[in-house]
Amino acid sequence: ELLPEGHAQLATAINGLGENARARGEVQEAVALFEEAIGIWREALGPWHPFVGVALNNMAKAQVALGDAEAGLLLLQKS
């Protein structure tokens, strides 16, 4: 059975794909996937849900990998 668009479990899968992309060194792809997961989780679960924090943390690591430590720090402060 397919999950409907915007379903929280879909964001979990997308976040996992982002982690895989980051591990492969495809950091720009990872950032896009984390942004998508964050958007879905915020809509489905609310902005303060721990899953949003997890994705923000993952995004911060990706930003640091891209050489933008300042952006990474700002994301960590939000998570």
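Modeller: Let us begin with a definition: buried means under 20% relative accessible area, exposed over 50%, and partly exposed in between (1.4 Å probe, protein chains only). This is a predicted model, in which local features need pLDDT of at least 70 and side-chain atom pairs count only at pLDDT 80 or more, while totals for chains, interfaces and linings use all residues. Residues are numbered from 1 along each chain as its sequence is written, and side-chain values use heavy atoms, with hydrogens and water left out.

Colleague: Is Asn20 buried, exposed or partly exposed?

Modeller: Asn20 has its place in helix α1; helices (H or I, at least four residues) are DSSP runs, numbered from the N terminus. The relative accessibility of Asn20 is 44%, so the residue counts as partly exposed.

Colleague: How far apart in space are Asn20 and Ala30, C-alpha to C-alpha?

Modeller: Ala30 is one of the buried residues of α2. In sequence, ten residues separate Asn20 and Ala30, and in space their C-alpha to C-alpha distance is 7.8 Å.

Colleague: Against which helices do the buried residues of α2 pack?

Modeller: The buried residues of α2 include Val31, Phe34, Ile38 and Trp41. Contact means heavy atoms within 4.5 Å. The helices against which these buried residues pack are α1 and α3.

Colleague: Are α1 and α3 roughly parallel or roughly antiparallel?

Modeller: The axes of α1 (residues 8–23) and α3 (residues 50–65) come within 11 Å and cross at roughly 20 degrees. Axes are lines fitted to C-alpha atoms, for helices over the stretch in contact, and angles run from 0 to 180 degrees between N-to-C directions. Angles under 35 degrees count as roughly parallel, over 145 as roughly antiparallel, 65 to 115 as roughly perpendicular and the rest as oblique. The two helices, α1 and α3, are therefore roughly parallel.

Colleague: Which residues of α3 make the contact with α1?

Modeller: On the α1 side, the contact is made by Asn15, Glu19 and Arg22. On the α3 side, the residues are Val54, Ala55, Asn58, Lys61 and Ala62.

Colleague: What is the relative accessible area of Val54?

Modeller: Val54 is found in helix α3 and lies 10 Å from Trp41 in space, C-alpha to C-alpha. Val54 is partly exposed, with a relative accessible area of 41%.

Colleague: Is Gln63 buried or exposed?

Modeller: Gln63 also lies in helix α3. Among the residues that Gln63 touches are Val31 and Leu75. With a relative accessible area of 16%, Gln63 is buried.

Note on methods: Lists of a residue's contacts leave out its neighbours within four places in sequence.
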